[in-house]
Amino acid sequence: MRLLRLSPSLPLGFLLLFLSSVSAVLARAEEEDPTIRTMEEFSGYPLRESPSWVADSLSSLSVESENLQKQIDELASFSDTPAPSVTRVLYTDKDVMARRYVKNSMGLAGLSVREDAVGNIFGRWDGLEPELPAVATGSHMDAIPYSGKYDGVVGVLGAMEAIKVLRRSGFKPKRSLEIIVFTSEEPTRFGISCLGSRLMAGSKALLKELETTVDSQNTSFLDAAKYAGYAQDPVDLTSVFLKKGAYAGFVELHIEQGPILEEEGVSIGIVTAIAAPASIKVDFEGSGGHAGAVLMPYRNDAGLAAAELALAVEKHVLQSGSIDTVGTVGILQLHPGAINSIPSKSHLEIDTRDIDEERRNVVMEKIHQSAIRIARDRGVKLAEFKIVNQDPPALSDESVIRAMESASKDLKLSHKLMISRAYHDSLFMARVSPMGMIFIPCYKGYSHKPEEHSSIQDITNGVKVLALTLAKLSLK
Ligand SMILES: *[C@@H]1O[C@H](CO)[C@@H](O)[C@H](O)[C@H]1NC(C)=O
Ligand SMILES: [Zn+2]
């Protein structure tokens, strides 16, 4: 320890490598070192608790915050709606321009860039032992209509900055470090969330579905992908699948999208689990008719069936008795949608989540039973009850949690363990790699709207924790 303190200019890489290999020897030497004992008595606090290698190497972790903020602002300008809102939908011109911007930045940062058949982007920094499974980080940069500029982007541009931080400090990773920009985390265009990571995790169901998926303009997924320069013939989307063990670890930096960290004044959230999401599409069909002419006893109103099911969703969720169970009817459409016409068709989309998969599944089953009963009682047809996705929750990996915790401690940043109630690409990466997530505070928990904001100080803290976490994982 004394040796390291005498060499404050040693690069982080050397310090970490050195520390990882000889920490045991060091620990023994430390106990016998009279200088440290004297220093402790002199200073009045234990030096052993705050090893100086941390202090030395951490002071070399310098984030270029101003430049990072500039990049976040620049990326936000690739938008189909005016600032401060951001709208960037999969495979549109603005999405393609944003992809070009990020690939270019990756190249400038010295990463080797490649893309797969659906446009997941990979930027790799070769480690000293490039044949070992790499450690990956990343997030998404698509943005739902009229959303903000931090969701996902912090985990893409922040990852790039984390790599640059490590490079500037002189660090050399043992395992390669890789940044992944995931295709279509948001379901905006094709109704499929986490499309890129879901496919990377080897979803055969998605593979099949993508053959026939179209957007609201009847453009097929494959045509849209081709338009953006992907899915070139011969199309083989199984090439997107990752092999289990492809990565030694995956860490995603993300804004919390909730108010907890800001309210509690905590800098870093260490995610231990991601809640299990599910979504359902329901269609009811009735006879419709004239709003004046058809008397009440002779109606089978598809709109009222939808309204009753929406209330049933709320009831079943509350019946679970757990604050962690949630359900939302975010889409409710009536056809033909005229004030003087009894709805002949209705369409609902239901989102329900829980950290407990079984409890969530019970809610889904109750919703199904209610849909059947409501259709029967009201004489309408339950034309569709389609479970779009029913995903299990994901647990963060112990080793990744420990790396994130010790990085936060080394950096003297307040941190807490927490659950992610929103889902992320990490949910699917957890199927093929040990996973962890780093949350940073965001203003009032706002997300998916233009007011979404994280301070540059909070982003900088997140980048530092990410950099140090990647450094630790890369040396394992
Ligand atoms: C959508 O496109 C397909 C193939 O081009 C075509 O067969 C189909 O009729 C179209 N559907 C609608 C609703 O336009
Ligand atoms: Zn996101």
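Biologist: Is the crossing in which α7 passes α16 left-handed or right-handed?
Modeller: This is a predicted model, in which local features need pLDDT of at least 70 and side-chain atom pairs count only at pLDDT 80 or more, while totals for chains, interfaces and linings use all residues. Residues are numbered from 1 along each chain as its sequence is written, and chains are lettered from A and ligands numbered from 1 in the order in which they are written. A crossing is left-handed if the near helix is turned anticlockwise from the far one by less than a right angle, and right-handed if clockwise. By that convention, the crossing of α7 with α16 is right-handed.

Biologist: How is α7 oriented relative to α16?
Modeller: Helix α7 spans residues 153-168 and helix α16 residues 456-474, and their axes (lines fitted to C-alpha atoms over the stretch in contact, with angles from 0 to 180 degrees between N-to-C directions) lie 8 Å apart at an angle of about 60°. Angles under 35 degrees count as roughly parallel, over 145 as roughly antiparallel, 65 to 115 as roughly perpendicular and the rest as oblique, so α7 is, relative to α16, oblique.

Biologist: How many charged residues does the contact of α7 with α16 have?
Modeller: On the α7 side the residues include V154, G158 and E161, and on the α16 side they include I459, G462 and L466, where contact means that C-beta atoms, placed from the backbone, lie within 7 Å. Ala, Val, Leu, Ile, Met, Phe, Trp, Tyr, Cys and Pro count as nonpolar, Asp, Glu, Lys and Arg as charged, and the others, Gly among them, as polar. The contact has eleven nonpolar and two polar residues, and its charged residues number one.

Biologist: Which orientation do α12 and α13 have to each other?
Modeller: Helix α12 (residues 302-319) and helix α13 (residues 357-378) pack with their axes 9 Å apart, at an angle of about 150°. Their crossing is right-handed, and the angle is why the two helices are roughly antiparallel.

Biologist: How many charged residues are in the contact of α12 with α13?
Modeller: Among the residues that meet are E308 and H316 of α12, together with K366, S370 and R378 of α13. The contact divides into eleven nonpolar residues, two polar ones and, as charged residues, three.

Terms used: Helix = DSSP H or I, 4+ residues; strand = E, 2+ residues; numbered from the N terminus. Contact = placed C-beta atoms within 7 Å.
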